Amino acid sequence: MKLKFLLSFFCIEVLFCFSSCKSDTLLSTDPVTEVSSSSLSFDGVGGSHNVTFLVSNDWTIQLSAPWFSVSKLYGNEGNVTLTITATANTTTSERTGSLTLKVNGYESSTLLCTVTQAAATSVDKDVNHWMADYMSQAYLWN
């Protein structure tokens with residue numbers, strides 16, 4: 001009787017130990033699902049767009065370029081909506097950037113979306129040329 005009791009107690013203890021152990025290994029599955037848009041496009045003037053995603057743990061976000069910003073740089077698991085805002089592009093070339101998400105418990109970062117912005121519009125160039133022509137004709141200092 002005593003042996004049965006000790007054997008069953010030992011079995012219960014072993015099961016209890018194995019069920020309460022937590023693995024410290026990093027997870028390998030994708031922590032981000034249901035991304036509303038994997039790429040965003042802005043015109044040269046700038047503006048803002050929303051991106052919605054579902055994340056499985058606490059997260060932080062990293063921006064690859066200073067010309068756009070995000071409404072939140074970190075948060076908790078669940079459904080998340082971020083507002084991405086781009087400033088006006090004053091250069092003559094298109095520019096690109098990316099939002100990278102680092103989720104707690106996961107080894108690698110996840111590319112959330114790429115952000116592209118068109119160059120300054122040719123209307124601006126036309127206005128600048130027209131104004132330069134007008135000023136060269138109207139002002140006496142030429």
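Met 135 sits in helix α2, where helices (H or I, at least four residues) and strands (E, at least two) are DSSP runs, numbered from the N terminus. This is a predicted model, so local features need pLDDT of at least 70 and side-chain atom pairs count only at pLDDT 80 or more, while totals for chains, interfaces and linings use all residues. Residues are numbered from 1 along each chain as its sequence is written, and side-chain values use heavy atoms, with hydrogens and water left out.

With a relative accessible area of 30%, Met 135 is partly exposed; buried means under 20%, exposed over 50%, and partly exposed in between (1.4 Å probe, protein chains only). Met 135 belongs to a nonpolar surface patch together with Trp 130, Met 131, Tyr 134 and Tyr 139, and the accessible area of the group comes to about 540 Å². Such patches are made of residues with over 30% relative accessible area and no salt bridge, with nonpolar side chains (Val, Leu, Ile, Met, Phe, Trp, Tyr) joined within 5 Å and like charges within 9 Å. A salt bridge here is a side-chain nitrogen of Lys or Arg within 4 Å of a carboxyl oxygen of Asp or Glu, and accessible areas come from the Shrake-Rupley method with a 1.4 Å probe.

Now for the aromatic rings. A ring pair is described by the distance of the centres and the angle of the planes. Rings of Phe, Tyr and Trp (its six-membered ring) pair if their centres lie within 6.5 Å; planes under 30 degrees apart count as stacked, over 60 as edge-to-face and the rest as tilted. That rule gives 3 aromatic pairs. One of them joins Phe 53 and Trp 59 edge-to-face, at 5.9 Å centre to centre and 75 degrees between the planes. Phe 53 is buried at 0% relative accessibility, and Trp 59 is buried at 2%. Trp 130 and Tyr 134, by contrast, are stacked, because their ring centres are 6.0 Å apart and their planes lie at 15 degrees. These two are 4 residues apart in helix α2 (residues 122-138), so about one helical turn separates them. Trp 130 is exposed at 55%, and Tyr 134 is partly exposed at 45%.

On to the strands: 5 of them make an open sheet with mixed pairing, in the order β2-β9-β8-β4-β6. The edges are β2 (39-42) and β6 (74-75), each pairing on one side only. Two strands pair if DSSP finds at least two bridges between them. Strands β4 (residues 59-63) and β8 (residues 95-103) run antiparallel over 5 bridges, with Ile 61 opposite Leu 101 in β8.
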